[in-house]
Number of protein chains: 2
Amino acid sequence: MTDPRLDALLHAAPALRLKTDPADLEHYGRDWTRRWTPAPLAVALPATVEEVQAVVRWANGHGIAVVPSGGRTGLSGGAVAAHGELVLSLERMNQALDFNAVDRTLTVQAGMPLEAVHNAARKHGLVYPVDFAARGSCSIGGNIATNAGGIRVIRYGNTREWIAGLKLVTGTGELLELNRGLIKNSSGYDLRHLVIASEGTLGIVVEATLRLTDPPPPTNVMLLALPSFDVLMEVFGAFRARLQLEAFEFFTDRALHHVLAHGAQKPFDDVHPYYVVTEFAIGDEAKEAAAMAAFEDCMEHGWVSDGVISQSDAQAAQLWRLREGITEALARYKPYKNDVSVRISAMPAFLAETQALLGQAYPHFDVVWFGHIGDGNLHINVLKPDDVGDADFVVQCEQVTKLLAEALKRHQGSISAEHGIGLVKKGYLESTRSAEEIAVMRGIKQVLDPNGLMNPGKLFDT
Amino acid sequence: MTDPRLDALLHAAPALRLKTDPADLEHYGRDWTRRWTPAPLAVALPATVEEVQAVVRWANGHGIAVVPSGGRTGLSGGAVAAHGELVLSLERMNQALDFNAVDRTLTVQAGMPLEAVHNAARKHGLVYPVDFAARGSCSIGGNIATNAGGIRVIRYGNTREWIAGLKLVTGTGELLELNRGLIKNSSGYDLRHLVIASEGTLGIVVEATLRLTDPPPPTNVMLLALPSFDVLMEVFGAFRARLQLEAFEFFTDRALHHVLAHGAQKPFDDVHPYYVVTEFAIGDEAKEAAAMAAFEDCMEHGWVSDGVISQSDAQAAQLWRLREGITEALARYKPYKNDVSVRISAMPAFLAETQALLGQAYPHFDVVWFGHIGDGNLHINVLKPDDVGDADFVVQCEQVTKLLAEALKRHQGSISAEHGIGLVKKGYLESTRSAEEIAVMRGIKQVLDPNGLMNPGKLFDT
């Protein structure tokens, strides 16, 4: 080390692993967004809570910003370090610490990947039900930072619902043990919930106690083809009224096109404009009859043109791949992503308005829609044409996001349903939160991070 | 009005209803605790959000503290006004404002009683599942202020889980519309969750959007007699493993004694030291067989000495009365109440320790236990003997609470599971929350209530 600040850090935490190679700085300095050039000072990889505290205290002593880093699968730039920050990677703190069968909780270090959490829960005959496609890479700490949602929210809620306790190293290096796994605890402000979705701006989550639950009942997966956008909510209503839905996901023909081009298997002979993948509990005749009744009801009304129901786990996985493979299939087109939500009841009007808006705004761009209709959450991916430059493309897309943000404000929606605000949506936060709310958020950050060193510039400017 | 401050208030809000009669001041100046002498300046009964805002702005202008007031069924002194505060009663703001069938939400004014919320939900074929004995008097705003729990937490969680959005008038009179009913919203700090359980210290909740759910399945209620305390967790385990529990409540023979004296019907010929009321989903043969299997398993192990299962709704209500009637039956003894929680897995050790502690501490007092075992929540009621003065009694009980708080600290429990901290538990907050956490709470209050006028002295001293 030649930087005296890093020498001081190693003096404060002699066993701390530090990386300063240019390749490491680039690797750890960014997330799945590719809009910023990584330029961190260094990457610290602590192995203990005490080392995390030492890093934060050192950062305060030297006025150095800290960017917490998990699996860096974020889509909002929340883990980008482009201004000489210290990246604090939790990747070495990735172990399960405790399983409690009576409490049905799993206590893990924040760097544990989501999939490893799934596996650890399953080993004990239980499940951690939050799930989404990035499961192999994303970390539970990152999930907490954005209150990650995913494909099972309609049944199990967001990450927030499954956090029984967490440990936070604050912006001053203090360790707070929040809620400690209690089910009932009415002892003042629930700082645990304040930390969830705070995107690393209040401190660093180092540990979490996760609630687990029983494995889901046996399910079937159904793929439905829809003739138009207008019937989407009708189909949702017909299925929700009759079945316990585990998932209800929608995507467009353009999405299917890209997934098929990426190797998935074609589900229908014909091409249809819209598709739904839904998963629901079965296991007895009444439920299977209810599924068929929902399907037939939709066919009779002309809301559904075709459908297929999984006959095996393998086929269920195949149908799911059509939906879950979308993000990966689009990655090479450097898509500009909108991740928005409204109340379910506001969906039809918002969808109609948005469809018209995007049709006008992007006549020459490939726009791919998909989303979690049952949660009021829509993902809009605009693909970059090869002949448009990266920066130009973002500028053009931002114009449309501005219009979209105005529509969201009218419909009382959110500019980020599950990706978080980070750097990408910072300019649009006021479409979702009032100036007074943002002022309160700034004030709260000041309390937990008085020197403004925890992931600064993310979420809002301080 | 002769007080110029009140004249100024009526000037600012001419239509505001104000009460200053001594009887009103006494009535509105306290909750179900009887330890403090009510002495508010006046009682304001606003009819609109704008009037609430006007009151808060006036309070800031005149440096007058505001005590928000719902049904005043609180057990922690959270709604006591004993120092010239203005009581702001929400009782005129008690209407349902909107029901949305697609979102399955009910938007209500904060003063709406819980039972009225239940009825409004049922009218639409849905339920609001948070429930407890004070349902007829308590208000939804008060439920939010303490994150009220109750008898269905094991199945449905606390109030927090059912709040899709809320409107808060902050300590400076600004109106914040928090989360606005969204299912997914990752746009920064979730101030909604910060407000829930803040006991009126951050502002006044004026409106809430509640999630509703499907009515529960048909259930049976079982009353079990237990030979000893030690087997309680075994019985819980045997039932939880086999059944979907809707409730699992425990009480002692002393509790039954008081409920019977208050008019309830004796369930068994013999006297048993401990009892459990449990409710679980039935509806098919497999589930009924599972219930019998759980019961027989417990009988065979000697964990249960006797039992009765409800054969009708009327009998179910009769069995429930044995548990739900306890608080009312004890009221005339001015009980000193402890409302504590630990993780379920910590229950056996904590119970044993607490039982020994209370046996030593209160050899001459009647101590009545009951609680929500499935949530790790225990209620300990110490009854005041007629020959001990009110103040003496509290002093003696506080000595024991100090020891209990130390035990809770060792077992990482909470000094208040569901009643809140208020005035009653303020001195013990540090048994549950660290000094650093309390400092953060104080800092956050400062952000939302810079002049310290929102329910001051509750939860912590500022």
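**View 1. Who sits around His379(A) in this predicted model.** Skip the neighbours within four places in sequence, and His379(A) is in contact with Asn338(A), Asp339(A), Val368(A), Trp369(A), Phe370(A), Gly371(A), His372(A), Glu418(A) and His419(A). One of these, His372(A), also pairs up through a polar contact: its side chain and that of His379(A) are 3.3 Å apart. The residue itself belongs to strand β16 of chain A, which runs over residues 377–383. Is His379(A) buried or exposed? With a relative accessible area of 4%, His379(A) is under the 20% cut-off, so it counts as buried.

**View 2. Ser139(B) in its loop.** Here we're in chain B, in the loop that links α4 (114–123) to α5 (140–146). Ser139(B) is buried because its relative accessibility of 4% falls under 20%. Setting aside residues up to four places away in sequence, Ser139(B) touches Gly70(B), Gly71(B), Ala110(B), Gly111(B), Met112(B), Pro113(B) and Leu114(B). Look for Thr73(B) as well: 66 residues separate Thr73(B) from Ser139(B) in sequence, while their C-alpha atoms are 8.7 Å apart in space.

**View 3. Phe239(B) and the largest nonpolar core.** This core has 246 residues, and the ones touching the most other members are Tyr128(A), Phe239(A), Tyr128(B) and Phe239(B). What does Phe239(B) touch, not counting residues up to four places away in sequence? The list for Phe239(B) reads Met222(B), Leu224(B), Leu245(B), Phe248(B), Thr278(B), Phe280(B), Ala291(B), Ala294(B), Phe295(B) and Cys298(B).

**View 4. Where chain B meets chain A.** On each side, 70 residues take part: 70 of chain B are in contact with 70 of chain A. Between them the two chains bury about 5800 Å², with carbon and sulfur atoms giving 54% of that area. How many salt bridges are there between chain B and chain A? The count is eight. Lys184(B) and Asp375(A) form a salt bridge through their side chains, at 3.5 Å from N to O. On the chain B side, β8 (175–178), α7 (191–195) and α15 (435–448) each supply at least two of the residues that touch chain A. Of the elements there, α15(B) gives the most, with nine residues.

**View 5. An annotated stretch of chain A.** An unreviewed UniProt entry lists residues 36–215 of chain A as "domain: FAD-binding PCMH-type". Over that stretch the chain is 22% helix and 24% strand, and the C-alpha atoms at its ends are 41 Å apart.

Methods:
Residues numbered from 1 in each chain as written. Chains lettered and ligands numbered in written order. Predicted model: local features only at pLDDT ≥ 70, side-chain atom pairs only at ≥ 80, totals over all residues. Heavy atoms only, no water. Core = buried A, V, L, I, M, F, W, Y, C linked by side-chain atoms within 4.5 Å. Buried < 20%, exposed > 50% of the residue type's maximum accessible area, 1.4 Å probe, protein only. Contact = heavy atoms within 4.5 Å. Helix = DSSP H or I, 4+ residues; strand = E, 2+ residues; numbered from the N terminus. Polar contact = N/O pair within 3.5 Å; in protein donor to acceptor, adjacent residues only side chain to side chain. UniProt positions renumbered as here; feature names shortened; annotations may be inferred. Buried area = accessible area lost by both parts, 1.4 Å probe. Salt bridge = Lys/Arg side-chain N within 4 Å of Asp/Glu carboxyl O.
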